[in-house]
Amino acid sequence: MRRLARDPLPGARLSLISKSAHAIYSGTLPGVGAGHYAAQDICIDLETLCRAATCTLHVAEIAGLDAGRRSVTLGDGRTFAADVISINVGAVTPQAPEFARGPALGVKPIDDFLRACRNCSMS
Ligand SMILES: Cc1cc2nc3c(=O)[nH]c(=O)nc-3n(C[C@H](O)[C@H](O)[C@H](O)COP(=O)(O)OP(=O)(O)OC[C@H]3O[C@@H](n4cnc5c(N)ncnc54)[C@H](O)[C@@H]3O)c2cc1C
C-alpha cells in the first residue's frame with residue numbers, strides 16, 4: 001500500500017476489503033503486553049492509508065473465494081471480481097484447551113488478543 005501510494009499503477013483500480021477499519025502493527029504487540037503502548041497506539045487507520053494509495057476501502061468480511069472467476073463474495077452476498085486478488089487474512093492461533101486453563105493467550109487474530117488483553121487489564 002505504501003509503495004502504491006508513492007508510485008501509483010496507471011489505470012489500475014484498487015480496492016481493499018478488510019473486516020476491520022484498522023490494521024494492527026504486530027511488531028509493537030509485545031509493547032502492549034508490557035504496558036508501553038495502549039492498544040489504539042498500534043492501530044493503522046486503513047481509511048487514511050487507502051486514501052493515500054487512491055484505494056477504496058470496503059469494511060466487510062470475505063465469506064468465499066472463487067479462484068476460477070477471480071472473485072470474492074462478502075458476508076452480505078456482494079461479489080467483487082478483479083484481475084489480481086492478493087489475500088492476506090493472517091493466521092489463527094489454535095486455542096488449545098490448556099490455554100483456557102492457564103495464563104496463556106493465542107496472539108492471532110490480533111484483534112481478539114487485544115480484546116483479551118483489555119479484559120486482563122494489560123493495556
Ligand atoms: C509479536 C509479533 C511480532 C511480529 N514481528 C514481525 C516482524 O518484525 N516482521 C515480520 O515480517 N513479521 C512479523 N510478525 C508476523 C506478522 O505479523 C505477520 O506475518 C503478518 O501480520 C501477516 O500479515 P497478514 O496481512 O497476512 O495478516 P494480519 O496482519 O493478521 O492481518 C489480517 C487481516 O485480515 C483481516 N481478515 C481476516 N479474515 C478476513 C475475512 N474473512 N474478510 C475480511 N478481512 C479478514 C483481519 O481483520 C486482519 O486485519 C510478527 C507477529 C507477531 C505476533
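A residue counts as near a molecule if one of its heavy atoms lies within 4 Å of that molecule. With that in hand, here are some exercises on this structure. It is a predicted model, in which local features need pLDDT of at least 70 and side-chain atom pairs count only at pLDDT 80 or more, while totals for chains, interfaces and linings use all residues. Residues are numbered from 1 along each chain as its sequence is written, and side-chain values use heavy atoms, with hydrogens and water left out.

**Exercise 1: The ligand and its neighbours**

Find which residues come nearest to the ligand, and describe the shell around the ligand by class.

Step 1. The ligand has 13 residues around it, and those that come nearest are K19, S26, I62, G90 and K108.

Step 2. Sort the shell by class: five residues are nonpolar, five polar and three charged. Here Ala, Val, Leu, Ile, Met, Phe, Trp, Tyr, Cys and Pro are nonpolar, Asp, Glu, Lys and Arg are charged, and the others, Gly among them, are polar.

Step 3. Now look for polar contacts (pairs of N or O atoms within 3.5 Å). The side chain of S26 places an N or O atom 2.5 Å from an oxygen atom of the ligand. A polar backbone atom of K19 is 3.1 Å from a ligand nitrogen, and a backbone N or O atom of N88 is 3.4 Å from a ligand oxygen.

Step 4. Finish with the cover: on its own the ligand has 990 Å² of accessible area, and the protein covers 54% of it. Such areas come from the Shrake-Rupley method with a 1.4 Å probe.

**Exercise 2: The largest pocket**

Work out what lines the largest pocket and which element gives the largest share.

Step 1. A pocket is an open set of points on a 1 Å grid over the protein atoms alone, with protein on both sides within 12 Å along at least five of seven lines; its lining residues have an atom within 4 Å of a point.

Step 2. The volume of the largest pocket is about 2000 Å³, and 45 residues line it, with L16, I17, S18, S86 and N88 nearest its centre.

Step 3. β1 gives the largest share of this lining, five residues. Among the other elements that supply at least two residues are α3 (46-52) and α5 (110-119). Helices (H or I, at least four residues) and strands (E, at least two) are DSSP runs, numbered from the N terminus.

Step 4. By class, the lining holds 29 nonpolar, eight polar and eight charged residues.

**Exercise 3: A cis peptide bond**

Which residues does the cis peptide bond join?

Step 1. The bond joins K108 and P109, with omega about -10°.

Step 2. P109 has its place in the loop between α4 and α5.

Terms used: Polar contact = N/O pair within 3.5 Å; in protein donor to acceptor, adjacent residues only side chain to side chain. 1 Å grid on protein atoms, 1.4 Å probe; cavity = no way out; pocket = protein on both sides within 12 Å on 5 of 7 lines; lining within 4 Å. Points joined across faces, edges and corners; volume = space filled by probe spheres on them.
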